[in-house]
Amino acid sequence: MIRSVVKGIGSYLPERILSNEELSKTVETSDVWIRERTGIGQRHIAAEGQCTSDLGLEAAKVALKDAGMTADDIDLIVVATTTPDYTFPATATIIQNLLGIKHGAAFDLQAVCSGFIYGVNVVDSLLRTGTAKNALLIGAETFSRILDWEDRTTCVLFGDGAGAVVLSAEEGGESGVLNSFIRSNGEHRELLYVDGGPSKTQTVGHVRMIGNQVFKHAVKDIAGAMQQCAEGAGIPISDIDWFVPHQANQRILNGVAKRLKLDPAQVISTVEFHANTSAASVPLAMDAAVKDGRIKRGDLVMLEAFGGGFTWGASLLRY
Ligand code: UT7
């Protein structure tokens with residue numbers, strides 16, 4: 001049996017840190033409100049001229065090094081992003097070129113905050129069917145570019161960053177992606193969307209969200225996805241070592257943990273330091289937990305996310 005094994009992981013955060021305190025000088029909010037309602041303490045913001053491809057490239061280089069591979073080994077690049085450098089070409093082909101790769105295929109995947117989970121599913125399928133051997137899956141975002149910095153209900157929540165994994169097709173081992181579950185439902189578009197786009201308005205637009213309604217869907221749908229994903233793999237939730245959630249709000253993480261009776265110590269949280277980096281948040285959080293020694297080789301890890309669309313899903317892997 002062929003499995004998609006995580007051979008390397010890496011991440012990158014832009015240098016500039018924007019604290020809640022600093023933000024409260026330009027918009028009517030406070031450190032106390034943001035921390036109490038979301039758990040967020042700060043976010044990283046890309047420098048002027050620094051694009052999603054730049055962030056993704058840095059994360060990819062770290063992941064390649066961690067995998068002990070060079071760019072030449074890679075024959076597939078998938079970039080999960082909602083904030084591409086351009087409408088086209090795909091940010092993935094820009095990164096492919098920056099890495100000096102002239103073979104294989106590269107494309108972007110758009111499932112907003114669930115992009116990385118969708119990416120695991122898609123890349124896993126392409127590896128298992130023999131389309132590619134070694135893939136770079138990158139979640140990279142410059143959400144700061146699509147925020148309305150005068151709208152306190154959204155601008156305090158997001159940040160920029162990138163995370164990447166090298167996934168390789170390997171035969172016969174225990175490690176790798178065990179199961180993935182993805183879902184979407186377009187009927188709640190108006191609860192979380194961007195009010196612009198090339199076809200509709202010929203503008204980029206800004207993020208709009210009715211946060212408290214999104215919150216309720218997120219907790220219910222994430223918990224359901226995790227249950228379905230574990231069941232599909234024939235593994236009880238209680239056997240899973242680590243949960244790496246999308247980092248939108250600490251209260252969502254707590255709500256899901258309570259619903260599924262998880263030990264909060266098993267739930268990786270970086271929301272305080274990264275805020276919501278959309279498709280980058282899961283690989284950023286996973287990389288943090290690998291680097292600090294919590295997630296070890298052989299551990300069972302569940303990834304999950306929920307985002308605009310609505311889209312949501314979960315992936316279970318043995319690291
Ligand atoms: O990644 C995609 C998925 N996204 C999410 O999952 C986000 C889900 N939603 C959330 O995380 C939370 O709903 C928020 C953090 C966005 C909001 O927290 P909440 O506890 O649901 O607050 P609320 O929207 O019900 O607003 C409560 C009050 C309102 O004032 P009134 O109407 O009670 O007077 C808001 O106007 O808080 C006010 N408010 C703020 N106050 C200070 C909203 N934003 C702010 C702010 N600073 N930044």
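Buried means under 20% relative accessible area, exposed means over 50%, and partly exposed lies in between (1.4 Å probe, protein chains only). Keep that scale at hand for this tour.

This is a predicted model, where local features need pLDDT of at least 70 and side-chain atom pairs count only at pLDDT 80 or more, while totals for chains, interfaces and linings use all residues. Residues are numbered from 1 along each chain as its sequence is written, and side-chain values use heavy atoms, with hydrogens and water left out.

**Stop 1: Asn276**

Select Asn276. At 5% relative accessibility, Asn276 counts as buried. Asn276 sits in the loop between helix H9 (271–274) and helix H10 (281–291). Helices here are DSSP runs (H or I, at least four residues), numbered from the N terminus.

Now show what Asn276 touches. Contact means heavy atoms within 4.5 Å. Beyond residues up to four places away in sequence, the partners of Asn276 include Cys113, Leu157, Phe158 and His246. The side chains of Asn276 and His246 also make a polar contact (3.3 Å). A polar contact is a pair of N or O atoms within 3.5 Å; within protein, one must be able to donate a hydrogen and the other to accept it, and residues adjacent in sequence count only if both atoms are side-chain atoms.

**Stop 2: the ligand**

Select the ligand. How many residues surround the ligand? There are 23, and the closest are Thr29, Arg152, His246, Asn249 and Asn276. A residue is near a molecule if one of its heavy atoms lies within 4 Å of it.

Go to His246: a polar side-chain atom there lies 2.9 Å from an oxygen atom of the ligand. For Arg251, a polar side-chain atom lies 3.3 Å from a ligand oxygen atom. Alone, the ligand exposes 960 Å², and the protein buries 73% of that (Shrake-Rupley method, 1.4 Å probe).

Colour the helices next. H7 gives the largest share of the shell around the ligand, four residues.

**Stop 3: Asp221**

Stay on helix H7 and pick Asp221. Buried or exposed? Asp221 counts as buried because its relative accessibility is 11%. Leaving aside neighbours within four places in sequence, Asp221 is in contact with Phe306 and Trp312.

**Stop 4: the domains**

Zoom out. The domain assignment, automatic or from a database, gives domain 1 (2–171) and domain 2 (176–318). Their centres, taken over C-alpha atoms, are 14 Å apart. The contact takes 54 residues from domain 1 and 51 residues from domain 2. Return to the ligand to finish: its shell draws at least three residues from each domain.

Note on methods. Helix = DSSP H or I, 4+ residues; strand = E, 2+ residues; numbered from the N terminus.
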